Structures are given as structure tokens and as C-alpha cells.
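Please open the model in a viewer and keep the selection panel at hand.

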Amino acid sequence: MNQRLLPAIFAATLCLCATAAEDPPLVKHMEQVDDAYKALRKTEDAAKGAELAREAQNAVVKTLGEIPTMISKMPDGPERAKAAATYRHMVGQLYVKLCEIEKAFLDNQLDRVAALVDEIKELKKQGHNEFMEDE
Ligand code: HEM
């Protein structure tokens with residue numbers, strides 16, 4: 001084999017491995033939700049909080065276009081359809097709660113924000129219990 005080709009082949013193999021190991025799009029979108037959600041829990045600045053709530057909402061919209069890896073492994077049929085519908089229903093609830101958080105920030109109701117954050121914690125726990133695969 002041409003010796004000069006070896007580095008190119010090595011680089012191409014590395015690229016392929018990196019692509020294969022990349023996180024699925026749903027994980028990336030969830031991480032965006034996570035970043036905005038964590039930041040909005042820390043702020044007491046109403047305008048900043050409302051902006052972060054909108055950022056989280058935009059990331060949640062992207063998660064709606066994906067399907068959890070666990071569901072993608074299910075055979076086609078009513079069980080899979082029901083699991084996908086439940087997933088979208090829960091993510092839809094997350095979206096609504098983030099809209100409520102945005103409104104609470106805009107009304108300067110920080111107590112209300114804290115109560116909604118508690119509701120989201122519960123929703124996140126439920127969603128991850130139901131749809132996240134064990135490592
Ligand atoms: C604010 C609420 C939520 C936050 C901050 C959040 C955050 C995250 C993060 C950071 C990950 C990546 C985990 C990793 O890399 O191991 C993740 C994954 C995931 N989340 Fe959420 N999540 C939330 C709500 C939900 C809800 C409500 C559902 C379901 C209805 C859900 C379903 C999933 C699934 C299925 C995965 C794994 C992705 C896959 O299947 O490939 N999450 N989430």
C-alpha cells in the first residue's frame with residue numbers, strides 16, 4: 001500500500017468513529033433545555049429569566065421532532081405509537097410549564113416561578129424514568 005495514503009486512512013477512520021460515537025440529536029436538544037433551565041433557576045432578574053424560559057421553550061420544540069432511542073427500538077405497532085404519543089404529551093406539558101414560567105417572570109412572581117420549577121422537576125423525573133435507557 002502507498003505509504004503516503006496511511007495518514008489519510010487513519011484520519012478518515014478517526015472521523016468515522018467520532019461520528020458513530022456522537023450523541024443522538026435528542027440528547028443534544030435536551031442538553032440545550034438543561035442549560036437554559038439550570039440558568040433560569042438561578043436568576044432573580046425577571047427579564048433575564050423570561051429570556052431563558054424562551055430559550056428553553058425553543059429547545060423543547062426541537063425535542064418534539066425526535067423520538068427517544070428506547071422507542072426507536074420498539075417494533076412498529078400500537079405499543080410504539082402509544083409510547084411516542086405519551087412522550088410528545090409529556091414534552092408538550094414541559095413546553096406549557098416553561099410558558100407559564102416566562103409569564104411568571106414577566107409578572108415578577110418569583111414564588112410562582114419556584115413552584116413551577118418544582119412541577120418541572122417532577123415531570124423530568126417521570127419522563128426520564130419512562131423513556132431513558134439505562135446506561
Ligand atoms: C426540564 C426538564 C428536562 C431536562 C432539563 C432534561 C434534560 C436532559 C438531559 C441533560 C439529557 C441527556 C442525558 C445524558 O446525556 O445522559 C436528557 C435525555 C433524555 N430526556 Fe430529558 N430532560 C427534561 C425533561 C424530559 C422529559 C419531560 C422527557 C420525556 C417526556 C425527557 C426525555 C428524555 C429522553 C428520552 C432522553 C434520552 C435521549 C435518547 O433517548 O437518546 N426529558 N434529558
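Select helix H2 (25-42), helix H5 (78-106) and helix H6 (110-131): each supplies at least two residues of the shell around the ligand. Helices here are DSSP runs of H or I with at least four residues, numbered from the N terminus. The model is predicted, with local features requiring pLDDT of at least 70 and side-chain atom pairs pLDDT 80 or more, while totals for chains, interfaces and linings use all residues. Residues are numbered from 1 along each chain as its sequence is written, and side-chain values use heavy atoms, without hydrogens and water.

Next, display the 20 residues surrounding the ligand (a heavy atom within 4 Å), the closest being Met30, Asp34, Thr69, His128 and Met132.

Now select the iron atom of the ligand. Its protein donors (N, O or S atoms within 2.8 Å of the metal) are Met30 (SD) and His128 (NE2), at 2.1 to 2.5 Å. Methionine 30 belongs to helix H2 and histidine 128 to helix H6, so the pair ties together parts 98 residues apart in sequence.

Finally, select threonine 69, where a polar side-chain atom lies 2.6 Å from an oxygen atom of the ligand.

Methods:
A polar contact is a pair of N or O atoms within 3.5 Å; within protein, one must be able to donate a hydrogen and the other to accept it, and residues adjacent in sequence count only if both atoms are side-chain atoms. Donors are N, O and S atoms within 2.8 Å of the metal (3.2 Å for Na, K and Ca); water is not among the atoms, so sites may look incomplete.
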